[in-house]
Amino acid sequence: MTFRPRLSAVLLTVNLAVIALPLGSIVFFRIYENQLIQETERELISQAAMIGAVYRQNLLGSGRDLRVADRSNRTQQQQLRELSGVNRLAAKGAPQTTPWKPINPTIDLAAVDTLPSRPDGAAPTELPSAAAASAGRSLSPILNAAQRTTLIGVRVLDEHGTAVGGTAEVGLNFAHVWEVGRALTGEYTSALRARELENAPSELKTISRGTGVRVFVALPITEGAQILGVVYLSRTPKSVFRHMYENQDKAILALITVLVLAGSLAMLTSRTISRPVAELLARTRRVTRGEAAEIEPLRHPGTAEVAELSDGISQMAKALSDRAAYIRTLASAVSHEFKTPLTSIEGAAELLQDHHDTMTAEERQRFLVNIAGDGARLRALLDRLLDLAKAENMQNSDAVTELEPAVRAAGSALPDRVTVTSDIPSNQTVRITDDALALVLGNLLDNAVKHGATQIDVSSKAKRGGIEIAVRDNGNGITPANREKIFDHFFTTRREAGGTGLGLGIVKALLTAHGGTIDLAEPQGAGACFTVFLRR
């Protein structure tokens, strides 16, 4: 069995995809932006480590030169405290036993809040030591020259948080800044802060002002367990769109992927909805024009609903075609059946009109009897046609009727010479109205009697969710040549006796209207046997 999605599933898929595209774009840009920020932080960490190592080397070198000039009996730790201004704050955690101290980015947009813009530096309460000032001053020209390329804001702070070197704000104190305060305790700290965009140049005019945040890192400079200072760096991460512009090949690949996805959705809706519906509409127009070859169901309906619609239209078209053919056949048969008695009536009337005075009384009586007989046949045909029309237009009913009483009532209407036997269980029911069941059984039993039956046996058995009723008689039976025509309208072997050939047609129409069937069973001895199937 070919799988076909439901139309609701196709529409749901398309709608979810339409919703997912912008949401996916938001998530994509968010992840992309987070990656750029972490890349910026990683660069700042590496540069801070390098600047810190140089500052530490300069600071400790200055301390050794001053100790040689001052030959006192103070300990080396006291000299380092006084000459370099080293703070004896203990770094967090036990000292590393390994020389490797990697630092990974800690900023994650999903877990870190964006802080307000960085507070301005404050006036220091304590001046930096001569050694710290000298070490920072020696770095400033290098840092200023490097900033032209790196675009990084650099501040080298002493152990009290005062800037002793860098690209700006030298001499101000930043110990009150959150990330600097944590770094002065020996812990590497990073922060994402909002950036003031007032009077900022357009993104198209600068490569460092494309985002509204700025990354700050504060890396402590230590000597063993002592804090020598902090390298405080900041930089605005690249704009997502600027980075995409710089990586045009990847951006184009992403755009192509989105276009392919959108094209796939368009093809999906076209193949499963638009194309089958258009083909079905064109096919119905052909059917309207009478092209019988176009009533077959669609080969590729796309969805289950369209497949059901296609099957329904195909069945409707076939039913209309069959009905039209049936009406043509019935009209031809009716005209033929009516033509014979009408012709006879017209001929008898003309003879009576032309030769009334010359005819004997016996001849006139014979013609009148013929006219009356043909008129009675016409009336019988009309009555049977009305019964057939009612049967064919009867609506399906869920009415339930007991079978055994209906058989008994139909048998009681037969002549006394006919014996009807039945082994139908009591309370056995079939899904048909009582009037329709009475007509079916009455026609079958009457038909058997008219064909010479004196014994009729009616039996029933359960079969495939319904009841199969067998009506067997010992009459004249049906010849092999007539078996294929037995249910044709107006076919009868008793035309001279007044048979209309519509009895079995009425029975079949009644059963079809109630979801039943009738068949002529294979002959077993004399007589005939009809099997009727009705739903329970």
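The following dialogue covers salt bridges, aromatic pairs and a sheet in a predicted model.

In this predicted model, local features need pLDDT of at least 70 and side-chain atom pairs count only at pLDDT 80 or more, while totals for chains, interfaces and linings use all residues. Residues are numbered from 1 along each chain as its sequence is written, and side-chain values use heavy atoms, with hydrogens and water left out.

Student: How many salt bridges does the structure hold?

Tutor: A salt bridge needs a side-chain nitrogen of Lys or Arg within 4 Å of a carboxyl oxygen of Asp or Glu. By that rule, the structure's salt bridges number 9.

Student: How many residues apart in sequence are the parts that Arg118 and Glu169 tie together?

Tutor: The two side chains meet in a salt bridge at 2.8 Å, N to O. Arg118 lies in the loop between α2 (76-84) and α3 (130-150), and Glu169 in the loop between β2 (163-166) and α4 (178-183). Helices (H or I, at least four residues) and strands (E, at least two) are DSSP runs, numbered from the N terminus. The pair therefore ties together parts whose separation in sequence is 51 residues.

Student: Is Arg118 buried or exposed?

Tutor: Buried means under 20% relative accessible area, exposed over 50%, and partly exposed in between (1.4 Å probe, protein chains only). Arg118 has 15% relative accessibility, so Arg118 counts as buried.

Student: Which residue is linked with Arg118 and Glu169 in a network of salt bridges?

Tutor: Glu169 is partly exposed, at a relative accessible area of 24%. The network of salt bridges that holds Arg118 and Glu169 also takes in Arg155.

Student: What is the relative accessibility of Glu179?

Tutor: Glu179 forms a salt bridge with Arg193, with the closest N and O atoms 2.9 Å apart. Arg193 is in strand β3 (residues 189-194) and Glu179 in helix α4, 14 residues apart. Arg193 is buried, at a relative accessible area of 5%. Glu179 also counts as buried, and its relative accessibility is 0%.

Student: Which residue in β4 is the bridge partner of Arg193?

Tutor: Strands pair if DSSP finds at least two bridges between them. β3 and β4 (residues 213-223) run antiparallel and are joined by 6 bridges. Across from Arg193, the partner in β4 is Arg214.

Student: Which are the edge strands of the open sheet?

Tutor: The sheet has 5 strands in the order β2-β1-β5-β4-β3, with antiparallel pairing. An edge strand pairs on one side only, and that picks out β2 and β3.

Student: At about what angle does α3 run to β2?

Tutor: Contact means heavy atoms within 4.5 Å. Axes are lines fitted to C-alpha atoms, for helices over the stretch in contact, and angles run from 0 to 180 degrees between N-to-C directions. α3 lies across β1 (153-157), β2 and β5, and its angle to β2 is about 35°.

Student: Are the rings of Phe174 and Tyr232 stacked, edge-to-face or tilted?

Tutor: Rings of Phe, Tyr and Trp (its six-membered ring) pair if their centres lie within 6.5 Å; planes under 30 degrees apart count as stacked, over 60 as edge-to-face and the rest as tilted. One of the structure's 2 aromatic pairs is Phe174 with Tyr232: centres 6.2 Å apart and planes at 55°, so the pair is tilted.
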